[in-house]
Amino acid sequence: MIEKIAHITDLHLDEDFPFEDKVTARKQFDNILKDIKKKGINHIICTGDIGDSKGVQYFFDKLRGMNLSLTLGNHDDFIKTCKYYNLGAKYNSKKIYRSELRVYFKFIYLDSSSGTIDSEQLEWLKKELWSSKPIIIFIHHPIIGLRLKVDEIGKLKNRGNLIEILTGIPNEIIIYCGHYHLESTLVYKNIKQCITPAIAFQIEKDIDEIKINKTVSGYRIIQIENRSLSSKVKFLSNAN
């Protein structure tokens, strides 16, 4: 049996930047969602930066009835999100993280919304990594660094600690993340990191400055067939 999952990230619905209206980002999300449904995909995993104000409600209204898994990004508000989604919610630390044991893989959802992985979550992660199955991690921030300006200003603060933990186990690890608004695949030791492009806008791969590209939106299709896992990115034009 083949299972397909749509990985979406960085919608930034109803935020002031970079659009001056509340329509454009919503329209791009609608187009992505239409493409996902056209492909018969019902399971969506969002790795954060949903949006602001009424954009959060819009997001959950549009995904009602679908199988949704969620991690928080640095633009997300824990309390506002928990009105609609609280699977894995830790109210004391205002974080959302959990694990999901599947037939051939173990899914781990991490919360990097504060720009770091706090000590409590790190200790939980160490225990969760004791598994005979390959590990699939969903997180907002990339863990492996890139030689780009966007990485210089937006990197996860304690990613060195996280890399040390992940490379200290024998399991194969695949990371699906966002935050950088670009497509990238990197391999480091037992880790493969796949950055999924944003729905709102892309950031060019530039070492010296941040250049925004609003012409395309993107998402990733993850395909699972027994013990085999693969993924591909789909871009959609934002031309009117």
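The structure is a predicted model, in which local features need pLDDT of at least 70 and side-chain atom pairs count only at pLDDT 80 or more, while totals for chains, interfaces and linings use all residues. Residues are numbered from 1 along each chain as its sequence is written, and side-chain values use heavy atoms, with hydrogens and water left out.

Helices (H or I, at least four residues) and strands (E, at least two) are DSSP runs, numbered from the N terminus. Strand 7 covers residues 106-109, and both of its faces are covered: Lys106 and Ile108 are buried on one side, Phe107 and Tyr109 on the other. Here, buried means under 20% relative accessible area, exposed means over 50%, and partly exposed lies in between (1.4 Å probe, protein chains only). Two strands are said to pair if DSSP finds at least two bridges between them. Strand 6 (residues 98-101) pairs with strand 7 in the antiparallel sense over four bridges, and Glu100 stands opposite Phe107. These two strands form a hairpin, with four residues between them. With strand 8 (residues 135-138), strand 7 pairs in the parallel sense, again over four bridges. Ile108 has Ile137 of strand 8 as its bridge partner. From strand 7 the chain passes through helix 4 (residues 119-128) to reach strand 8, a β-α-β crossover that is right-handed; that is, with the strands pointing away from the viewer, the path from the first strand over the helix to the second runs clockwise.

At the start of the helix, a side-chain oxygen of Asp118 comes to within 3.2 Å of the backbone nitrogen of Glu120.

Ser69 belongs to strand 3 (residues 67-70) and counts as buried because its relative accessible area is 3%. Its side chain makes a polar contact with the side chain of His43 (3.5 Å); such a contact is a pair of N or O atoms within 3.5 Å, and within protein one must be able to donate a hydrogen and the other to accept it, with residues adjacent in sequence counting only if both atoms are side-chain atoms. Leaving aside residues up to four places away in sequence, Ser69 touches several others, including Tyr85, Arg98 and Tyr109. Asn171 lies in the loop between helix 6 (159-166) and strand 9 (173-177), and is buried because its relative accessibility is 9%.

Finally, some backbone angles stand apart. The peptide bond from Phe17 to Pro18 is cis, with omega near 5°. His181 has a positive phi, near 55°, although it is not glycine, and this residue is buried at 4% relative accessible area. Asn226 also has phi near 55°, but Asn226 is partly exposed, at 42%.

Key
Contact means heavy atoms within 4.5 Å.
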